[in-house]
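Please look through the structure shown below and keep it at hand while you read this briefing. The notes that follow are grouped by topic.

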Amino acid sequence: MQTTIFNTPILTPCLRLLARLLLKLHGWKVVADERALKLKKYVLLAAPHTSNWDGYFFILAALKLKVNPQWMGKDKLFQFPLGGTMRWFGGIAVNRSKANNLVEATVNQYNAREQLVIAVPPEGTRGRTERWKTGFYHIARGAAVPVVCGFIDFARKEVGMGPVMEMGESLAKELARFGAFYADKVGKYPEDYTAPV
């Protein structure tokens, strides 16, 4: 298992205390679905994603909730000199310029491990796009794991993990369910949010 900020001996318990303090100082609340906290394997959505601040608050929330997520980012983020730091923060480098079967590779990772949480920003970028990328859905279906709705809401100053959703056969129906859940979640830059459908 990759050593990250969320599972480093001695250091992580100290960081959890710091995360609680920082959240309190910022005036943010962490909320979580109790069912999600008991799961060992799932895809964790990270939405809305409109700012670099999203990652900061997600990390604080994960520390407080004792969750150990990993996330996928463009490979340029993992180059020297910050590559090691990005991996320590749970990053997995993805080369988006090459045609590779990322979904299949990720499904294989889920099948090979007893515990795995991969956080996916379904918008794919901080800027507005046409629609959500649906790789997370295919990963969840292929690995037979649920999707947990990780969210950030700057209007309410809340961050956390919402409902656990098992993925059915209809992508359109699932995107509509996500759309309903995220409809009242406000990103730092609401104009940059991309809805699921």
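At what angle do the axes of helix α5 and helix α6 cross, and within what distance do they come? The axes of helix α5 (residues 102-112) and helix α6 (residues 135-143) cross at roughly 40° and come within 9 Å, where axes are lines fitted to C-alpha atoms, for helices over the stretch in contact, and angles run from 0 to 180 degrees between N-to-C directions. Helices (H or I, at least four residues) and strands (E, at least two) are DSSP runs, numbered from the N terminus. This is a predicted model, in which local features need pLDDT of at least 70 and side-chain atom pairs count only at pLDDT 80 or more, while totals for chains, interfaces and linings use all residues. Residues are numbered from 1 along each chain as its sequence is written, and side-chain values use heavy atoms, with hydrogens and water left out.

**Helix α5 against helix α6**

- The angle makes α5 oblique to α6, given that angles under 35 degrees count as roughly parallel, over 145 as roughly antiparallel, 65 to 115 as roughly perpendicular and the rest as oblique.
- The crossing of α5 and α6 is right-handed; a crossing has this name if the near helix is turned clockwise from the far one by less than a right angle, and is left-handed if anticlockwise.
- On the α5 side the contact (heavy atoms within 4.5 Å) is made by Val-103, Thr-106, Val-107, Tyr-110 and Asn-111, and on the α6 side by Gly-135, His-138, Ile-139, Gly-142 and Ala-143.

**Helix α1 against helix α3**

- Helix α1 (residues 11-26) packs with helix α3 (residues 53-65) at an angle of about 125°, and their axes are 8 Å apart.
- That angle makes α1 oblique to α3, and the crossing of these two helices is left-handed.
- Residues in this contact include Leu-15, Ala-19 and Leu-22 of α1, together with Tyr-56, Phe-57 and Leu-60 of α3.

**The sheet**

- Seven strands form an open sheet with mixed pairing, in the order β1-β7-β6-β2-β5-β3-β4, and two strands pair if DSSP finds at least two bridges between them.
- Strands β1 (29-32) and β4 stand at the edges with a single partner strand each, so one side of each is left without a neighbour in the sheet.
- From one strand to the next, the twist averages 25°.
- Strand β3 (residues 70-74) and strand β4 (residues 91-94) pair in the parallel sense over four bridges, with Lys-74 opposite Val-94 in β4.

**Backbone details**

- The peptide bond that joins Ala-47 and Pro-48 is cis, with omega about -10°, and Pro-48 lies in the loop between β2 and α3.
- A cis peptide bond also runs from Phe-80 to Pro-81, with omega near 10°, and Pro-81 lies in the loop between β3 and α4.
- Ile-10, which lies in the segment before α1, has phi near 70°, a positive value in a residue other than glycine.
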